[in-house]
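Subject: Handover of a structure and its findings

Dear colleague,

Please find below the structure that I am handing over to you. The findings follow directly after it.

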Amino acid sequence: MRRQVLLFLSTLCFCSVHGQASYSIPEEMSKGSLVGNIAQDLGLDLKRLKTGKARLHVGNGAEYIELNKERGLLLIREKIDREALCKQTSPCALQFQIILENPIEFYRVTVEITDINDNAPIFKMNSMLFEISESAVRGAKFVLEKALDTDVGRNGLKSYSLNPTDNFVLNLNENADGEKEVEMVLEKPLDREKQEHLTLTLTAFDGGEPQLSGTVKIHVTVLDANDNAPVFTQSTYKASLMENTSKGTSLMTVTARDVDQGANGLITYSLSSTTDGILDLFEIYGASGEVRLTGKVDYETSKHYQLNVKARDQGGLTDSCKIIFDIIDVNDNVPIIDLMSTTQSIPEDSAIQTVVAVMNVHDADSDNNGVVKCFLSENVPLIIENASNGFYSIVTNSELDRETASEYNITVTCSDEGVPSLSSSVTLTLQISDVNDNAPVFERSSYEAYIVENNTPGLSIFTVKARDTDWNQNARVSYILEDSSVNGVPVSSYVSVSADSGVIHAVRSFDYEQIKDFHIRVKAQDGGSPPLSSNVTVKILIQDQNDNPPQVLYPVQTGGSLVAEMVPRSADVGYLVTKVVAVDVDSGQNAWLSYKLQKATDRALFEVGSQNGEIRTIRQVTDKDAVKQRLTVIVEDNGQPSRSATVIVNVAVADSFPEVLSEFTDFTHDKEYNDNLTFYLVLALAVVSFLFITCVVVIISVKIYRWRQSRVLYHSNLPVIPYYPPRYSDTLGTGTLQHVYNYEVCRTTDSRKSDCKFGRAGSQNVLIMDPSSTGTMQRMQSEKSILDEPDSPLEQKPPNNDWRFTQGQRPGPSGPHMPYGTHIRWTPNTGKRATGGPEVAMGTGPWPQPPTEAEQLQALMAAANEVSEATATLGPGTMGLSTRYSPQFTLQHVPDYRQNVYIPGSTATLTSNPQQQQATAQQAAQQALPPPQASAQPEPPKAAQTPASKKKSTKKEKK
């Protein structure tokens with residue numbers, strides 16, 4: 001068998017399909033046949049198929065293909081029939097996916113099923129029948145049934161042939177749909193007198209190799225032409241008819257013959273009469289000529305009936321005859337029974353000859369047809385007596401028993417002496433009332449009931465049942481527990497009996513080990529008057545339950561002393577160390593014991609016999625084996641659920657007794673140590689869990705609190721005047737420079753929409769100015785991140801006492817330069833901001849005394865008034881505060897808080913002269929900064945906010 005494999009691999013960037021494989025196999029391949037090496041064709045490793053849990057996904061279709069992950073092969077799981085799978089669809093293909101996990105990948109696989117020539121052409125009909133008149137002309141066409149071939153392609157249907165061709169030839173025509181129509185054409189006229197039946201064979205061939213074919217027989221019947229009229233066998237038919245003949249009775253059959261055949265020989269019969277009402281009494285079947293009675297004929301009405309019958313063939317030729325019926329008188333009147341008096345019920349102890357009913361019988365016929373005789377149905381204890389002319393009475397003739405028959409259906413039949421005899425009947429129902437004459441009877445002479453020990457009090461044990469054949473109150477049975485004792489104890493303390501249902505309930509919980517069975521007597525009594533009763537013995541057997549664990553008899557477990565078995569080091573394999581002896585007080589399989597080694601110091605040295613409890617060595621004892629060996633043996637019974645007991649066997653591997661004593665001194669402490677260890681482990685786990693949950697809750701609470709505090713400060717509309725503690729840092733190892741802080745205040749024409757930007761120290765962030773842009777300077781870190789950091793990790797260096805400034809040299813609001821540069825930009829309606837040069841104060845030292853809360857509030861209000869005045873006087877465009885305010889501008893109402901400003905590591909001198917202060921700043925910068933070729937010109941850094949400024953600004957907001 002040839003197999004073609006086509007493989008297409010393609011990688012798609014928009015889905016997880018990693019490849020596609022296509023195979024072509026013929027149908028009807030046996031189970032387990034190879035489809036293809038999917039691992040090789042898709043380039044997959046066999047290990048990847050296993051680790052990725054490769055599987056086939058076929059959707060809702062049947063699984064015809066299976067994946068062998070060990071070899072990476074696709075195999076035939078079920079034999080594939082292309083015709084059943086795809087019918088006439090071509091091409092026929094199976095499509096499924098191979099899915100891999102970790103990571104998820106899937107590959108598309110298409111298996112095309114090619115057709116083989118395994119189906120021969122067939123015809124739906126076993127044979128084709130044609131009826132052709134002998135008058136058919138030459139060239140007449142007859143369409144034949146086409147053959148069906150479920151194969152496709154060249155294996156499908158190809159051609160037809162017809163044999164013999166004496167009278168007919170085969171013609172193939174294509175219709176508008178392209179399908180071939182098979183026709184049989186008459187070449188030679190037919191002659192029924194020469195050959196009435198023709199048989200031809202139509203054969204269909206397919207185009208497969210080897211070529212298959214199918215045949216069908218064609219049977220042609222030659223029909224005769226209509227050239228003969230029908231003729232009756234008799235011109236007159238006569239018959240006798242009894243009156244009261246039932247409707248539908250077949251009376252006779254008239255026959256006409258036509259020598260023609262086929263449709264020309266078919267005859268249809270019909271009735272006609274000149275007498276009114278006769279056609280309502282008779283009918284004739286048009287195809288068979290059978291005459292049936294459809295009405296009721298009466299001798300007293302008419303003694304004769306005459307009918308006319310006409311026969312006609314399919315060509316319209318006819319013939320006729322007559323039918324005469326003679327009516328015979330019969331006994332057609334039945335006796336009539338009239339019940340005059342009846343009794344519905346009598347007691348079962350009634351006396352013989354008790355009258356039950358009285359009736360009158362008469363018949364309308366005369367002579368012998370009017371003589372009537374009456375009798376009763378069989379198997380009834382009654383007889384009928386003729387009291388006088390036409391009067392009858394029904395009386396009892398034996399004793400009655402309601403338990404044998406509670407009622408009688410009495411049928412009284414009266415018949416005349418006519419031929420045939422006519423009769424009528426009537427049914428009476430006689431009820432027999434009950435008398436309490438039967439005692440209750442138990443279903444069995446004795447009972448045995450079973451109950452499992454340790455039962456719940458009140459549990460239903462058994463049900464006794466007694467039946468009373470009487471009825472109603474006489475059959476109502478009550479159950480009574482008769483007084484008796486069991487081992488000197490009243491039986492009522494063990495069981496009770498339900499008076500209505502006979503259910504026996506347990507009063508107490510039974511113990512099989514104390515009592516195994518006992519007997520009780522139950523009495524059944526009916527509700528008659530007087531009552532009748534009977535009794536029965538019930539034996540109750542207690543069934544054992546696995547409620548007792550095994551008890552170890554040896555070795556004896558004592559709390560004060562330690563018993564050990566000695567095993568010499570020369571002991572060989574199978575050496576009997578000791579034997580565990582245990583018993584179970586239960587019975588049956590609950591007492592079957594099995595022994596198992598649960599724990600041992602060296603499991604490879606000892607074993608326990610599962611049935612006998614013998615402890616033996618399973619290998620040679622060596623010098624390396626420990627002297628003290630501890631074995632824990634568990635003894636289990638065979639109950640459901642099983643119960644067990646544990647025994648500890650101490651074994652000493654030694655040759656002499658003295659060396660054993662020192663090794664077994666601490667044996668008794670192991671159990672207590674294990675119990676304490678478990679308790680401490682559970683306690684430690686609980687404490688660690690509690691501490692972990694507590695830490696998580698505290699950390700989350702602190703994070704939420706800090707976030708809320710930062711958000712409150714960040715959304716405040718008031719500007720902040722921070723207090724900065726002294727901070728110093730080394731810059732590129734050239735010495736120490738003070739931190740330069742920078743304010744950037746951007747304001748629009750509406751000062752209520754102003755925003756302030758605070759920069760960090762120069763050692764942490766650098767503000768970059770884009771010369772080509774008209775926007776504000778970009779910040780390397782947002783205000784939120786600045787506010788979220790309460791303190792800086794930089795360490796504060798001690799101040800240098802050698803560098804101090806006089807009152808006139810201290811920078812401040814009254815000097816030419818402020819210690820913190822402030823950039824105020826006004827944004828026109830165009831929405832763009834101009835970039836103004838910052839004013840940077842190089843001398844920022846520590847505050848000897850931080851400003852108070854009132855002083856900070858005064859500074860805040862002064863700064864807000866100055867900014868409002870500057871905003872009101874600004875015209876179109878952008879300008880800095882340095883344009884409006886001259887170097888001599890001071891804020892007289894703002895106190896000067898900066899005293900004793902220290903500049904560690906610098907030789908600069910700050911004065912009120914702007915030129916001198918600028919020169920001092922340049923000199924300090926040259927000492928601290930790296931060479932000019934190594935660094936670009938930095939932008940002034942922004943000032944960072946300290947925790948002190950945050951707290952004071954928050955208080956100002958509240959005020």
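This is a predicted model: local features need pLDDT of at least 70, side-chain atom pairs count only at pLDDT 80 or more; totals for chains, interfaces and linings use all residues.

In which loop does Ala405 lie? Ala405 is found in the loop between β30 (391-396) and β31 (407-416).

Residues are numbered from 1 along each chain as its sequence is written, and side-chain values use heavy atoms, with hydrogens and water left out.

The chain as a whole

The chain has 10 helices and 57 strands; these are DSSP runs numbered from the N terminus, helices being H or I with at least four residues and strands being E with at least two. Of its 959 residues, 37% count as buried, where buried means under 20% relative accessible area, exposed over 50%, and partly exposed in between (1.4 Å probe, protein chains only). The accessible surface of the chain is about 54,100 Å², and carbon and sulfur atoms hold 51% of that surface. These areas come from the Shrake-Rupley method with a 1.4 Å probe, and for residues only the protein chains shown count as cover. Among contacts with a separation of 6 or more, 68% are between residues 24 or more positions apart; a contact means heavy atoms within 4.5 Å.

Two loop residues around β31

Ala405 has a relative accessible area of 16% and is therefore buried. Ala405 and Gln431 are 26 residues apart in sequence, with 9.1 Å between their C-alpha atoms. Glu417 lies in the loop between β31 and β32 (423-433). Glu417 counts as partly exposed because its relative accessibility is 37%. Leaving aside residues up to four places away in sequence, Glu417 touches Asn368, Asn369, Val371 and Lys373. One of these, Val371, is 46 residues from Glu417 in sequence and 5.8 Å from it in space, C-alpha to C-alpha.

Strand pairing

Strands of a sheet pair through backbone hydrogen bonds, either parallel or antiparallel. Here two strands are said to pair if DSSP finds at least two bridges between them.

Strand β15 (residues 213-223) pairs with strand β9 (residues 127-133) in the parallel sense, over seven bridges. In this pair, Leu129 stands opposite His219 of β15. Strand β14 (residues 197-206) pairs with β15 in the antiparallel sense, over nine bridges. Ala204 stands opposite Gly214 of β15, and β14 and β15 form a hairpin with six residues between them.

An open sheet of four strands has the order β17-β24-β23-β20 and mixed pairing. Its edge strands, each pairing on one side only, are β17 (236-242) and β20 (267-272). On average, neighbouring strands of this sheet are turned by 25° against each other, direction ignored; the axes are lines fitted to C-alpha atoms, for helices over the stretch in contact, and angles run from 0 to 180 degrees between N-to-C directions. Six bridges join β20 to strand β23 (residues 304-313) in the antiparallel sense, and Ser270 stands opposite Lys310 in β23.

A further open sheet has three strands in the order β46-β50-β49, with antiparallel pairing. At its edges are β46 (576-579) and β49 (606-608), each pairing on one side only. Neighbouring strands of this sheet are turned by 20° against each other on average, direction ignored. β49 pairs with strand β50 (residues 614-617) over three bridges, in the antiparallel sense, and the bridge partner of Glu607 in β50 is Arg616.

Asp572 is placed in the loop between β45 (564-567) and β46. Its relative accessible area is 47%, so Asp572 is partly exposed. Not counting residues up to four places away in sequence, Asp572 touches Thr617, Arg619 and Gln620. Between Asp572 and Thr617 there are 7.4 Å in space, C-alpha to C-alpha, and the two are 45 residues apart in sequence.

A nonpolar surface patch

Phe679, Tyr680, Leu683, Val687, Phe690 and Leu691 make a nonpolar surface patch of about 660 Å². Patches are made of residues with over 30% relative accessible area and no salt bridge, joined within 9 Å for like charges and within 5 Å for nonpolar side chains (Val, Leu, Ile, Met, Phe, Trp, Tyr). A salt bridge is a side-chain nitrogen of Lys or Arg within 4 Å of a carboxyl oxygen of Asp or Glu. Tyr680 belongs to helix α5 (residues 670-714), and Tyr680 is exposed because its relative accessible area is 53%.

With kind regards
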